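Good morning, and thank you for coming. Please look at the model on the screen, and I shall then take you through a few of its features.

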Amino acid sequence: MERSHAVAAEKVSKTFILHNLRSRIPALRDVSFALPFGECLAVSGPSGAGKSTLLRCLYGNCLASSGSILVSHLGGILDVALASPREILALRERTVSYVSQFLRVIPRVSALEIVSAPLAKSGLAPGEAREKAAALLARLNIPSRLFALPPMTFSGGERQRVNIARGLVREAPIILLDEPTASLDRANRRIAVDLIVEAKGRGAAVVGIFHDREVQEALADHVLELPAVPCAEG
Amino acid sequence: MTEEPVLSAAGLSKSYGAVPAVRDVSLELYPSEILGVVGESGSGKTTLLKILAGHLAPDSGEVFYRAAEGSLLSLHRIPESRRRRLARTELGFVFQNPEDGLRMKISAGGNIAERPLASGLRSFAEARAAALRWLEKVELPADRLDDRPEEYSGGMRARLQLAKNLATSPRAVFLDEPTAGLDVSVQARVLDLIRGLSAEFGLSAVLVTHDLMAARLLSHRLLVMKDGRAVESGLTDQVLDDPQEPYTQLLVSSILGEA
Amino acid sequence: MDKVNAADAGGFAFLGEDTKKRVRRALLKAVAIPGHQVPFPGREMPMPYGWGTGGIQVTASLIGPGDVLKVIDQGADDTTNAVSIRKFFRRTADARVTERTEEATIIQTRHRIPETPLRAGQIMVYQVPIPEPLRFLEPKAGENLMMHALGEYGLLYVKLYEDIVRHGEIAQSYDYPALVNGRHAMSPSPIPRFDNPKLHMSEALHLFGAGREKRVYAVPPHTEVKSYDFSDYPFKVQEWDRACALCGSRDSFLDEVVSDDLGGRMFVCSDSDHCRRKREGGEA
């Protein structure tokens, strides 16, 4: 992997083996790419091509069946495909941020706490973390009266904006985005795009799935087209 | 990752008569980490937990604990007096039934004060202040300090048992189905409490549960048990979202285990 | 009790020599480990438990022809229980008896330690109902043994804590737990906490016998006995804001007694020997 690269995937394959259904579901086959810092890779392809699976493999949520996923982490290189659980935890804490399609809500935890948690974890003073989190939530048009509430009761759009805030609040070197703007209205989508552009501006590498062509065009420096994967084997 | 584990176990086995309960289980627990142990009843989770906590000796294998003062102790080889002292200071054990972990006829405050008093605290005012502080930490009303646990609801007892264990600021706590038998709303509260307290005090914990939702919410890593063996382990969300073993896939896909 | 005589039971002071030997052996061990409860092969006595069978077996194992016995119950020599135990030993051991504390070589008691300071060579024998100081908090006997073995006595502070929470002070007035020789927690039988300091560094030997539970324990002479307390709730003996109505004593343990048919009450010394001698000669 070159020094300027944030992520380099080499021949990543993933097959889900469902033992109890006696079936193997291929999701990725020999996917390779290399992404420098400060640039954005859009992962594109038909539904079922394994776009989300690729992101999950990069995040360590999914175990690659073969291939390597090299990530620049704390001055060294970590192969996510081979990393131990604790290495993955450190990777997530320090290097990789992930914005999923849906916010997994934790009962009784307020929106402000959810967003400030990654900052507090990285060592920022709690007051400062909350201030920064509040500013970002405000920028994403979350009314301040909602800050202290758990997002359980929020609308889908509000919840997703909390999710984006959580993913972007910490200036992570690598950001993974899985259709982050899908449930947002035009105005808020604009703001999300601005935030991602700013992240790239400060050197973050972004790997994203964007359902919206406009968003993809505004952000992507490269496009990785995944082919439809052949159907389940045996 | 040069950090040393707080607790590590190698090759633990334990049988009850001819019936194996735990078979060759090894694991590590790191500082500030919550390790979830999941599996159905009879899978050996609770036996494993008791061995890890030093309550039950394994037939073979060893449990190593890194004491606060720095030395590495083989938990089942140190003298009983030392083990019991650790059990009431640096370690904690939260029983599935709070009645097993509480003195039902002693006031809530007396229950919480027990460990500090057993550790040498000799001032009533300080014991009481500590009891009140921990009562409030687990979100129990201050005016229930002098009530006996037998006058508490199930959810309150569960929280009181947490407070009792935390009053000596232990380094590792063993939780045996801490939310079993509680209403769903109360469960969420207890889980959130554990999560918050663990983060606030850098507490390590082994959480035994059959509730995959609880495991996902609380634990960093997960160990899946079946018939006494650890059949799969890994990062919690990876094990639940991309389980590798047939048994884990079954557990995750079963309606009861929906997470 | 009237039917019992020395011949029936097989020996001097009722017990057979073998039994006495075994009790003495247990007592020696108890003296060697102050405050530690030692099991002894207690036997059936010709009276029900609760009448002092533990104390009687200890006394029976020790008493010899040269001994002078004093028996008190509630501090008095003339209560039913004290009278019948005295009678028992007069009958079975032909024992010399006394009511005067300083004359006695063996003093069997249930509730009090005499006010008259004990001297070297005297033996106090206590009738103990419940020997285990930890039972109130931890009912499992095996766990009690373990706690004694390891000196884990934190629970006794929980009991004091509960007392202060419920009563605003340490309310336990009898059977107040103490740490013996810095090692074993002991339940000093139902003596008032007023008497606890008399155990500390005492000139006399104190032997405790629990008949129902078949245990003996001891506080040898010159042994430290420290009553449990908190730094901010130090141990205190009971105090009265009045003197004994009979002898005028201000430093003895007082009982409230009904003094007439009209429900009148007064406070008098619980130690009847002490009170009488104070009235007789001023010197107790």
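I begin with B:Phe95, which counts as partly exposed because its relative accessibility is 27%; buried means under 20% relative accessible area, exposed over 50%, and partly exposed in between, with a 1.4 Å probe and protein chains only. B:Phe93, by contrast, is buried, at a relative accessible area of 7%.

Before going further, a word on the basis. This is a predicted model, in which local features need pLDDT of at least 70 and side-chain atom pairs count only at pLDDT 80 or more, while totals for chains, interfaces and linings use all residues. Residues are numbered from 1 along each chain as its sequence is written, chains are lettered from A and ligands numbered from 1 in the order in which they are written, and side-chain values use heavy atoms, with hydrogens and water left out.

Now to the aromatic rings. Rings of Phe, Tyr and Trp (its six-membered ring) pair if their centres lie within 6.5 Å; planes under 30 degrees apart count as stacked, over 60 as edge-to-face and the rest as tilted. Over all chains, the count comes to 15 aromatic pairs. In one of them, B:Phe93 and B:Phe95 have ring centres 4.8 Å apart and planes at 55°, so this pair is tilted. One aromatic cluster is formed by B:Phe124 together with C:Tyr157, C:Tyr161, C:Tyr228, C:Phe230 and C:Tyr233.

Let us turn to the interface. How many residues of chain C are in contact with chain B? There are 21, facing 23 residues of chain B, where contact means heavy atoms within 4.5 Å. The buried area, that is, the accessible area (1.4 Å probe) that two parts lose on being put together, summed over both, is about 1900 Å² between chain C and chain B, and carbon and sulfur atoms give 59% of it.

Four salt bridges are counted between these chains, each a side-chain nitrogen of Lys or Arg within 4 Å of a carboxyl oxygen of Asp or Glu. B:Arg84 forms a salt bridge with C:Glu143, with the closest N and O atoms 2.8 Å apart. On the side of chain C that touches chain B, α5 (141-150) and α6 (154-167) each supply at least two residues; helices here are DSSP runs of H or I, at least four residues, numbered from the N terminus. The largest share of that side, nine residues, comes from α6(C).
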